[in-house]
Amino acid sequence: AAHHLAAKGHHVLVHGRTPAKVDAVVHAIAAKGGHADGYVADLSSMSDVRKLGDNVAKGHPSLDGLLNNAGSFDGDYTGERLVTAEGNEYTLAVNVLAPFLLTALLMPSLRAAGCARVVISSSVSMGAADALGDLQLRRGYSAHRAYSLSKLCDAMLVAELHARYGGEAVAFNTMDPTSQVGLGADTKMLRAGWGSWGGSCDEATISSEMMADEAWAGRSGEGFATRKEVADSLLRRRLWDECVRLTGAIYE
């Protein structure tokens, strides 16, 4: 998505956990005449997410969009239920709590743009709705169950963001980022959890399209909206309140 957006002339802010990988993307974009800045943070740490949000906001008081597309699987690929230093199940922290908190931190910059877009990736693999009362999966943990629950939460939070704040200033949408390539793109996550049969990542352009294409102008609240839990405002509010409790996020 970063390469696609840079190729269209957008100044891209690239985030990653590994400095060398972030630098590689930034340099690759620059080599093609694009513009990018790199930011390094561990999204499993809400402390790091806060630093990331503060640094981005200070450097960019106006943002046209925020793409929350980072994700993890199977306890950071350890094969175990991993708990962060802050006490959160790892998949929940990276896939749900980090985008929820980062979006809150960057809302002033997004509003300042006047017509910003926020996209949080979900997945057709969403599920485990019976665990919405046990987000940390202290009972019945498995890699697929944690991932499915996290993607359900993402879709529900996008619907709630749209209900609370969607409008002309900021639009909120979700999608499955690999929806254009059949049942998945060939990524580290797909290989770890499902198999080595994914399509080309170069063909998965829905993320960049939702962020910048004219076809998505003025659209908000789209993505899995008909799923029962996503449409349930009471369940969404309960999830929202728990995410606020776990992150300390303040939406203003």
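Me: How many helices and strands are there in the protein chain?

Reply: Helices are DSSP runs of H or I with at least four residues, strands are runs of E with at least two, and both are numbered from the N terminus. The protein chain has ten helices and five strands. A word on the source: this is a predicted model, in which local features need pLDDT of at least 70 and side-chain atom pairs count only at pLDDT 80 or more, while totals for chains, interfaces and linings use all residues. Residues are numbered from 1 along each chain as its sequence is written, and side-chain values use heavy atoms, with hydrogens and water left out.

Me: Let's turn to the sheet. In what order do the three strands of the open sheet lie?

Reply: In general, strands of a sheet pair through backbone hydrogen bonds, either parallel or antiparallel. Two strands count as paired if DSSP finds at least two bridges between them. Here the order is β3-β4-β5, with parallel pairing. β3 and β5 (170-175) each have a single partner strand, so one side of each lacks a neighbour in the sheet. On average, neighbouring strands are turned by 10° against each other, direction ignored. Strand β4 (residues 116-121) joins β5 through six bridges, and A116 stands opposite V170 in β5.

Me: Which strands does helix α5 lie across?

Reply: Contact means heavy atoms within 4.5 Å. Axes are lines fitted to C-alpha atoms, for helices over the stretch in contact, and angles run from 0 to 180 degrees between N-to-C directions. Helix α5 (residues 90-113) lies across β3, β4 and β5, at about 165° to β3. Helix α6 lies across β4 and β5, at about 160° to β5.

Me: What span does α6 reach from its first C-alpha to its last?

Reply: The expected span of a helix is 1.5 Å times one less than its number of residues. α6 (residues 143-165) has 23 residues and reaches 32 Å, close to the expected 33 Å.

Me: Is α6 mostly covered or uncovered?

Reply: Buried means under 20% relative accessible area, exposed over 50%, and partly exposed in between (1.4 Å probe, protein chains only). In α6, 17 of the 23 residues are buried, leaving the helix mostly covered. Across the 252 residues of the protein chain, 47% count as buried. A1, in the segment before α1 (2-7), is partly exposed because its relative accessibility is 37%.

Me: How many aromatic pairs does the structure hold?

Reply: Rings of Phe, Tyr and Trp (its six-membered ring) pair if their centres lie within 6.5 Å; planes under 30 degrees apart count as stacked, over 60 as edge-to-face and the rest as tilted. The structure holds six such pairs. For F73 and Y147, the ring centres are 6.0 Å apart and the planes meet at 75°, so this pair is edge-to-face. F73 is in the loop between β3 (65-68) and α4 (74-77), and Y147 is in α6, 74 residues apart. Both F73 and Y147 are buried. W240 and Y251 make a tilted pair, with 4.8 Å between centres and 45° between planes. F100, Y165, W240 and Y251 form one aromatic cluster.

Me: Where does R164 lie relative to W240?

Reply: A charge sits over a ring if NZ of Lys or CZ of Arg is within 6 Å of the ring centre and within 35 degrees of the ring normal. R164 lies over the face of W240, 4.2 Å from the ring centre. Likewise, the charged end of R219 sits over the ring of W216, at 3.6 Å from its centre.
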